[in-house]
Amino acid sequence: MSIAYLNGTYLPLEEARISPLDRGFLFGDGIYEVIPYYNRKPVGFAPHMQRMINGLAALEIKCNKSIDEWRELLDALIAKNDGDNFGVYVHVSRGADTKRFHAYPENVEPTVFAFAFGIKDPEPVDRATVHPYTVSSTQDLRWKRCNIKSTALLGNVMHFQQGYASGNNEILLYNDKNELTEGSSCNAFIVKDGVVITPIEDNQILPGITRRIIIDSLKADGSIPVEERTVTMDEVRNADEIWITSSSKEIAPVVKLDGNPVGNGEVGPVWEAAFRIYTDRKFDF
Ligand code: PDD
């Protein structure tokens, strides 16, 4: 049975209840995180919770837990659940008012919810046996504050469904200048002539923690060049490799884009080298 956390209490997930007037339910007025734990150890705990603290500040939601307090709360959640590998979902909404009114209410307690779900072992660092992904692509129709990890995910959900309904694992998104932004639930990287390239952090993408760990690990290692810059649709279509990254998929190699092979259609050597570097260093973050 999965044990969840809701507003100060640990309880079976099926018993967790909130008010229908919760602004997370009515407006998507909240911030969330997903933190991976492998062998019960988190990857990127502090940066994940710092991003949540930044998101809460951006929405002026007054939930004043420190990173250490979050660590205690979520480690206690993990301790109450069985298994080795988890995704931990943490969600803070503005809370439940007594009426539906758009302005931020005063004196409402935020709703704090977390639960842990089992995830698979990490993929092998082996291009011959790793699970390859396929993606489609389309114009990015989401809002202009994609840097905020808001629970209002309908734009992302509709794009994900577009990719999923066409038989793909994900969908890559381009802005109105035909520049790559990210995937509907992940960041995106390309590789060209041995160089790893990913769009810069701005309001068009979520500043992914996996993305950051990859960039910082590759820079610290020094054997693979990495660039943060604009990536055009043409560059994506002509890439030697494409990767999509997130806390749940780590670095997933993409072998097909819109039905066409990426590079030679096989998982590339730079993916394997970079995934090894990431795997060796991920618990340092
Ligand atoms: N998704 N971009 C978007 C739009 C995302 O939703 C995510 C993560 C990422 C990658 O961020 P990170 O590396 O910090 O997980 C990028 C999570 C896992 C989700 O919504 O389930």
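## Contacts to the ligand

In this predicted model, a nitrogen atom of the ligand is 3.3 Å from a polar backbone atom of Ser185, a polar contact being a pair of N or O atoms within 3.5 Å. Side chains contribute as well: a polar side-chain atom of Thr210 lies 2.6 Å from an oxygen atom of the ligand, and a polar side-chain atom of Arg51 lies 2.9 Å from an oxygen atom of the ligand. Of the 480 Å² of accessible area that the ligand has on its own, the protein covers 88%, as computed by the Shrake-Rupley method with a 1.4 Å probe.

The ligand is surrounded by 20 residues, of which the closest are Tyr32, Glu182, Ile209, Thr210 and Ser247; a residue is counted here if one of its heavy atoms lies within 4 Å of the ligand.

## Basis of the model

Residues are numbered from 1 along each chain as its sequence is written, and side-chain values use heavy atoms, without hydrogens or water. Because the model is predicted, local features need pLDDT of at least 70 and side-chain atom pairs count only at pLDDT 80 or more, whereas totals for chains, interfaces and linings use all residues.

## The largest pocket

By class, the pocket lining holds 14 nonpolar, 13 polar and 7 charged residues.

## The cavity

There is 1 cavity of 30 Å³ or more, a cavity being a set of points where a 1.4 Å probe fits but cannot get out. The largest cavity holds about 40 Å³ of space, and the residues lining it include Trp243, Pro253, Val262 and Trp271. β13 gives the most to this lining, with 3 residues, and the lining has 7 nonpolar, 1 polar and 3 charged residues.

Note on methods. Nonpolar A, V, L, I, M, F, W, Y, C, P; charged D, E, K, R; others polar. Polar contact = N/O pair within 3.5 Å; in protein donor to acceptor, adjacent residues only side chain to side chain. 1 Å grid on protein atoms, 1.4 Å probe; cavity = no way out; pocket = protein on both sides within 12 Å on 5 of 7 lines; lining within 4 Å. Points joined across faces, edges and corners; volume = space filled by probe spheres on them. Helix = DSSP H or I, 4+ residues; strand = E, 2+ residues; numbered from the N terminus.
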